Amino acid sequence: MAAEPGILAPLDVERIRRDFPILSRQVRGRPLVYLDNGASAQRPRAVIEAERDYYERHHSNVHRGVHTLSQEATGLFEGAREKLRRFINAASTKEIVFVRGTTEAINLVSQAWGRPRLQPGDEIVITWLEHHANIVPWQQVCEQTGARLRVVPIDRRGVVDLDAYRAMLGPRTRMVAVAHVSNALGTVLPVREIVAMARERGIATLVDGAQAVPHQRVDVRDLGCDFYAFSGHKLFGPTGIGVLYGRERVLESMPPWQGGGDMILTVSFERTTYNTLPFRFEAGTPNIAGAIGLGVAVDYVESVGMERIARHEHDLLDYATSRLLTVPGLTIIGTAPEKASLVSFVLDGVHPHDLGTILDAEGVAIRTGHHCAMPVMDFFDVPATARASFAFYNTHAEIDALVRALGIAREMLG
Ligand code: PMP
């Protein structure tokens with residue numbers, strides 16, 4: 001494992017930026033200021049080269065061939081699985097299922113875990129601040145089984161009401177599925193506590209870690225959850241690859257989700273026997289290059305150091321929050337005391353989409369819209385927000401550029 005650099009050493013952000021080729025490009029004649037990392041982060045050269053090297057030198061299908069290339073591809077693919085296991089401190093590589101991303105991971109759990117065991121009247125608890133990916137799959141399985149969705153409220157800061165949560169846990173609660181970090185508000189949820197309360201009552205738990213793993217160290221055994229889901233592309237890795245962590249005992253108890261190659265041991269027309277974990281949940285040829293690239297992305301962030309990343313991003317969050325509050329007419333949506341490095345806001349009299357367009361003309365990329373969290377927009381009674389989301393390669397100067405561009409937008413539209 002790469003040595004964790006000294007906790008006190010600050011990040012050399014300029015050096016890090018040179019590892020990300022896209023950060024040196026211009027947009028509309030200006031240096032790119034990329035503040036849309038919550039939607040998808042950028043890749044370091046090491047990840048791009050790992051995928052390229054794989055295709056240029058090692059590509060073949062995995063797990064099936066005795067020839068050299070197939071063995072090399074399998075070695076690289078399974079090596080990536082081990083890197084991911086270590087990254088989140090899972091007990092075994094059997095617990096690391098490669099999927100397309102967070103969305104697919106949650107669909108897998110709702111269908112393979114939920115569908116066979118949920119009964120009419122059973123309850124699934126989520127919170128008000130979930131991404132649609134952690135709402136819709138549960139709604140679908142509720143429709144299929146007669147189970148019911150219960151939603152824990154949030155307050156005006158965007159903090160989940162833990163008393164209401166506790167009160168909601170009852171004899172019919174089967175699953176608690178919550179975000180680790182809200183993509184729309186930045187709220188960091190006390191998932192350890194949330195999971196512990198569910199486990200005491202024998203309730204299964206899933207954590208949507210899409211917005212957490214790029215920003216802080218995650219230890220699934222410390223969290224104690226049954227499932228943890230995340231996407232590679234937000235973690236500086238390729239698109240189309242992600243991880244479902246599942247506790248071995250729980251995965252063992254689940255039937256396969258999709259049928260096909262790789263997930264079987266034997267097939268006859270009378271009967272099929274299923275493969276061992278994690279392959280039982282990986283039907284068909286996987287995204288081999290993606291998994292290898294994600295393994296290299298994990299090596300990269302570990303070489304930078306998750307603690308140093310978290311510290312730098314906290315500094316960015318504090319700086320962005322104080323600078324944005326100097327913009328007249330700007331309101332921050334999501335003011336929880338524990339936040340990850342993103343800021344959602346609205347500007348009086350300016351629709352977020354118009355804002356996004358003007359900022360783009362200044363080279364500043366932010367996200368505007370409902371962020372796939374429409375219930376959050378309804379709660380705050382806004383149609384959409386603008387969201388600046390930071391990664392460890394962002395700088396104070398880029399936040400200054402954002403604030404300058406907001407000033408221009410106000411003059412044009414306000
Ligand atoms: N959950 C959260 C909290 C997210 O932010 C996202 C992506 N915006 C997702 C789930 C879905 O991730 P993906 O589109 O990579 O499956």
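Student: Which side chain meets that of Arg 217 in a salt bridge?

Tutor: This is a predicted model in which local features need pLDDT of at least 70, side-chain atom pairs count only at pLDDT 80 or more, and totals for chains, interfaces and linings use all residues. Residues are numbered from 1 along each chain as its sequence is written, and side-chain values use heavy atoms, with hydrogens and water left out. A salt bridge requires a side-chain nitrogen of Lys or Arg within 4 Å of a carboxyl oxygen of Asp or Glu. At 3.0 Å, N to O, the partner of Arg 217 is Glu 307.

Student: How many salt bridges does the rule find across the interface of domain 1 and domain 2?

Tutor: An automatic or database domain assignment sets the bounds, giving domain 1 as 13–31 + 305–413 and domain 2 as 48–302. Across their interface, the number of salt bridges found is one.

Student: How many residues of domain 2 are in contact with domain 1?

Tutor: Contact is taken as heavy atoms within 4.5 Å. Domain 1 contributes 36 residues, and the number from domain 2 is 31.

Student: What area do domain 1 and domain 2 bury between them?

Tutor: Buried area is the accessible area (1.4 Å probe) that two parts lose on being put together, summed over both. Of the area here, 62% lies on carbon and sulfur atoms, and the total is about 2700 Å².
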